Amino acid sequence: MFTKKEYKDFDRTLVLIVLLIFIIGCLAIYSAQQAKGLAFDKSFLLKQIIWLAIGSLVLAASISVSYQRFIDFAYIIYGINLGLLFLVLILGHTRLGAQRWFSIAGFAFQPSEFIKVSLILAVSNYIGSHQDEMSSLKNLIVPIMLFSIPFGLVVLQPDLGTAILLIPIFFSMLLMGGCRIKYLALMALTGMVSLPFAWQFLREYQKQRLLVFLNPNIDPLGSGYNIIQSKIAIGSGGLLGKGWLNGTQNQLNFLPERHTDFIFSVIGEEWGFVGAACVLALFFILTKKALDISRLTSDAYGTSVAGGIAVMLAMHVIINIGMTIGLMPVVGIPLPLVSYGGSSLVATLIAIGLLLNVGMRRSTF
Amino acid sequence: MRERFIPAFLSISFAVLLIALFYNQAVMFNYYSTLSKNNAIRIVPIDGPRGQVFDRNGIRLVSNRLAFDVAVIHRELRSEGELTDFLAKTLGASRQDVERSLAKARTRPYEPVTIVEDIDKDKALLLEESTIYMPGLEIKTRSRRHYLYGDIGSHVFGYLSEVTESELEQLEEYGYRQKDLIGRSGIEKSYESRLRGVDGATLIQVDSKARQVRTLGMKEPSSGEDLYLSIDMRLEALCDKMLKERRGAIVVMDPQNGQILALSSGPTFDPNVFVKSKGSAERLRLMKDLKGRPLSNRATSNSYEPGSVFKVVIASGALETKKISVNTHFSCPGSYTLGRTRFDCWKEGGHGSQDVKDALKNSCNVFFYQTGRALGVDNIETYAKLLGFGKACGIDLPDEVSGLVPGRMWKRFYKKDNWYEGETVNYAIGQGYLLVTPLQILNMMAAVSNGGKLVKPHLAVRIGSSNITQTAPRNINLKERTLKEVKTGLFNVVNAEHGTGGRAKVEGISIAGKTGTAQNPRGPTHAWFSGFAPFDNPRICLVVFLEHGGKGGLEPAEMAKGIFEEAKRLGYL
């Protein structure tokens, strides 16, 4: 199936790190679902493991053929994903509120989790085929289009977390691809200037969410409360933590969303600074490895894909953990491989698969 | 340089996270540890009251009152037994009841759990004083919806109940939270988004003695907008008292602009019953009464056979299409034969020779059998729809139904059969497949009375500080001669000797109207009366409907009389 060289370049350390992070996540989810008293779905851990099985199959599939094949089909994958985003928006619209996912046979499927990878592939395709021309302004038009459409769609959902993640992914890919910093600054400026106009198009509840996002204190029952409880949980964990299954904030139901977006608070409370720092270190090594793969790849497509994925993973971690300790506003971004959630896990594993793929085939020519 | 930028940025970010974690977990450990041990964060809700409702004269109909709940923070209790005794004595409840309520608090020991809702004010004051000796006991106030007149106006207001788990998934985006109340019927439902107030809260930190140390966050509450209705509470009260437990509907409207003065559906209910969060016996009774269905609005959300009231449509259509003229006479020998089927008139001996005015006055079936056949099913369908049947009137109440105006197409599509001439004969006297709501009858009568303008019935005239722009009446272009002829017939119904609606007659008011006695497959006949006054420039138009109520010329006509008299007393006529 694989050539000897591919097998040799297959990054086993990276797989090990991914596995370690996932196991830590499972332990934290298990602890989060132990809480007494309230009606709380106790099957999260089981579902998460089922999702891992599905995700591993998808991962295997995503390394079985050269990443070049995925690049070839990048626009088609991207197009299908856009279609799904549209569909979610339409269905969500008729149901009054925000709707981010489809339900297929009881499993929720969330297209916005996948658009990050689709965008990375599509932009890589363009950058790769315009290798030394990215410094020209006119070659920015297509990438900007590729970025703007899904960005607009996820903002409308509104899935602010994904929208905010798309920005650093896109900018850093352009930066790595050779775009002039002058132009990037110009784009950032244009984006900021056009914000007030975009505001007019938002519906009342979308505006409300954005306002709470900017200042959680205006809704102490919502995210403001979450942040405070999360900070208490993490802070009271101390250096060594209260011990697994012994987190009082967690066990007493004070932590909201503790199996998904605030899973890191459970880790911080129960395993203390030592545990939290270990998780942070594992993610740092993962990021470092991804950046190395990107740097050591001579092929422009591969560099771009790996670089995009590195930034995607790292930004997830930075925003999520930053959110739990109050450095970042609450945007609803999962901690990759740790937070409960099928779409996020599968999308992350696809990204890891592509990373491994680039790593093992980087010097095939 | 540019290759280094991204790794550098990411590394610095990770370093910042690490430092922040160290700061929170090592440097600030004592602070957070204390907060965690004392469970020192409390949410104190602030009510965002729901908008009030007023009638056309500014009388308050629906309001909010302060209610007192008993709450317990179980962890802070000194002795459960002591509290049980104390509460049982103060509230006059049995020990077992109090114990059962306290069990709820045990499952969530760290937060105030409401164990008894809505206690008397003096008891609340007594308990409030004792909270010093009873740590863990709290008296909480909150505003509760209050329908000032009990079951008067129940079907105008509708009722509220708590949002369900599944609704919450959708409604969370709009700021709904668990235990929030939401309008389930009436204007409470149709104006939910305007009436609703949004609760706010402060997030506070307390010390170990539960005293507030600092405020951590604040969300301002916002109150709902007040709603001003066109209802006149005095007329509304009269109509509701007339119906009470009777199954039926009464609607009174200004036929010039569609403002509803009273809307009543029986049996009535007391919406206050639904305000408490726990189900009471009365609430269960209301929801389980499948025969009376007191929560269903019979004026707008149910459709019935109209019977002879529908003859107004036939008369108008036939005159309009010149199938009959003002001079056309048909003879009524007491029955009418089509093929081998005999269709009876309600008067056995027959009415003799009559023109359209006489036929309306006498409600002669035989005249309308023949007129209906001359008009034909297609024209009947056209004129019924023109006069507003077959579709919702668009009143600002939820769940209005459209009724049914049958026709050839409908029959083919739903019954897979041709239209038979015998069905046209029945159609002409408002029987057969035809189904109408009392509101539609009222709307038709209003259009006949006001010179052929179909109004849009409505209840709300103002929300907050903004007037509601009313839809202009739609002219349906009936000839003046047609209307004059029909109206004269309707005047005779009430005022001429032997008119079927004679019981509605009031000295000094020129009333016109039409009775209806509709056979139906479910029991005794439905009784209808719909009319208007004054004859020349109508200000009041009404419909009275009694489900299985016997003859339209009896009770409904008498009720109408009572309403007209009251309207005169109130200065409308």
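Buried here means under 20% relative accessible area, with exposed over 50% and partly exposed in between, using a 1.4 Å probe and protein chains only. This is a predicted model, in which local features need pLDDT of at least 70 and side-chain atom pairs count only at pLDDT 80 or more, while totals for chains, interfaces and linings use all residues. Residues are numbered from 1 along each chain as its sequence is written, chains are lettered from A and ligands numbered from 1 in the order in which they are written, and side-chain values use heavy atoms, leaving out hydrogens and water.

- A:Cys26 is in no disulfide, and the nearest cysteine sulfur, that of A:Cys278, lies 18 Å away; A:Cys26 is buried, with a relative accessible area of 12%.
- B:Cys393 is likewise in no disulfide, with the nearest cysteine sulfur, that of B:Cys541, 12 Å away, and B:Cys393 counts as buried at 12% relative accessibility.

**Strands β11 and β12 of chain B**
- Strand β12(B), residues 260-266, is mostly covered, since seven of its seven residues are buried; strands are DSSP runs of E with at least two residues, and helices are runs of H or I with at least four, numbered from the N terminus.
- β11(B) and β12(B) pair in the antiparallel sense over six bridges, where pairing requires that DSSP finds at least two bridges between two strands.
- B:Val251 stands opposite B:Leu263 in β12(B), and in the hairpin of these strands, which has six residues between them, B:Gly258 takes a positive phi near 80 degrees.

Notes
A disulfide is a pair of cysteine sulfur atoms within 2.5 Å.
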